[in-house]
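Please look over the sequence and the three-dimensional view below before reading on.

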Amino acid sequence: VQLQASGGGLVQAGGSLRLSCAASGNIYSIDDMGWYRQAPGKQRELVARITVGGMTDYADSAKGRFTISRDNAKNTVYLQLNSLKPEDTAVYYCNAGVRTLTLERDNYWGQGTQVTVSS
């Protein structure tokens with residue numbers, strides 16, 4: 001199973017980006033999907049997550065500015081980042097709970113995509 005993240009980049013404060021993460025491989029089903037981020041010198045932290053049914057959960061720092069969504073038919077999770085701030089600068093990682101075709105369940109991570117917000 002592979003998770004391929006994309007959509008990061010350099011943006012000015014107040015700007016927007018849309019991150020995408022597509023899962024592929026021997027997938028039977030995907031449970032929760034989410035986005036985490038890690039800034040230099042800091043621990044990785046949850047940004048947002050979404051259940052297969054569409055229920056969402058956000059970090060306080062993301063509420064009102066970021067929106068997580070998913071397309072179950074495409075095994076893809078998205079993160080819309082609006083009103084970006086310099087403190088949002090980090091590597092963003094996608095995560096998914098995947099049950100494989102052998103019905104084993106494990107947590108998988110994408111490779112990370114850099115988001116840099118300039119002031």
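## Salt bridges

The side chains of D88 and R37 come together in a salt bridge, with 3.0 Å from N to O, where a salt bridge is defined as a side-chain nitrogen of Lys or Arg within 4 Å of a carboxyl oxygen of Asp or Glu. Since D88 lies in the loop between β8 (76–81) and β9 and R37 in strand β4, this pair ties together parts that are 51 residues apart in sequence; strands here are DSSP runs of E with at least two residues, and helices are runs of H or I with at least four, numbered from the N terminus. D88 counts as buried because its relative accessibility is 0%, and R37, at 7%, counts as buried too. The term buried means under 20% relative accessible area, exposed means over 50%, and partly exposed covers what is in between, with a 1.4 Å probe and protein chains only.

This is a predicted model, in which local features need pLDDT of at least 70 and side-chain atom pairs count only at pLDDT 80 or more, while totals for chains, interfaces and linings use all residues. Residues are numbered from 1 along each chain as its sequence is written, and side-chain values use heavy atoms, with hydrogens and water left out.

## A network and a separate pair

By the rule given above, the count of salt bridges comes to six. Side chains of opposite charge can pair when their charged atoms come close. A second salt bridge of D88 is formed with R65, at 2.7 Å from N to O. R65 lies in the loop between β6 (56–58) and β7 (66–71) and D88 in the loop between β8 and β9, so this pair ties together parts that are 23 residues apart in sequence. R65 counts as buried, with a relative accessibility of 11%. Together, R37, E45, R65 and D88 are linked in a network of salt bridges.

The side chains of K63 and D60 also meet in a salt bridge, at 3.1 Å from N to O. Here K63 is exposed, and D60 is exposed as well.

## Aromatic rings and a charge above them

The structure holds one aromatic pair. Y36 and W109 form this pair, which is edge-to-face, with 5.0 Å from centre to centre and 65 degrees between the planes. Rings of Phe, Tyr and Trp (its six-membered ring) pair if their centres lie within 6.5 Å, and planes under 30 degrees apart count as stacked, over 60 as edge-to-face and the rest as tilted. The pair links distant parts of the chain, with Y36 in strand β4 (residues 27–38) and W109 in strand β10, 73 residues apart.

W109 counts as partly exposed, at 37% relative accessibility. R44 lies over the face of W109, 4.6 Å from the ring centre, and the charged end of R44 also sits over the ring of Y93, 3.7 Å from its centre. A charge sits over a ring if NZ of Lys or CZ of Arg is within 6 Å of the ring centre and within 35 degrees of the ring normal.

Strand β9 includes A96, which counts as buried at 0% relative accessibility. Leaving aside neighbours within four places in sequence, A96 is in contact (heavy atoms within 4.5 Å) with L3, I30, D32, M33, D106, N107 and Y108. By contrast, A96 and G41 are 55 residues apart in sequence and 24 Å apart in space, C-alpha to C-alpha.

V98 is found in strand β9 as well, and it counts as buried at 0% relative accessibility. Not counting residues up to four places away in sequence, V98 touches a set of residues including V1, I27, S29, I30, E104, R105, D106 and Y108. Between V98 and M33 there are 9.0 Å in space, C-alpha to C-alpha, although they are 65 residues apart in sequence.

## Loop residues with positive phi

Most residues other than glycine have a negative phi, and most peptide bonds are trans. N75, in the loop between β7 and β8, has a positive phi near 50 degrees, and it is partly exposed, with a relative accessible area of 24%. S83, which is found in the loop between β8 and β9, has a positive phi of about 50 degrees although it is not a glycine. At 42% relative accessibility, S83 counts as partly exposed.
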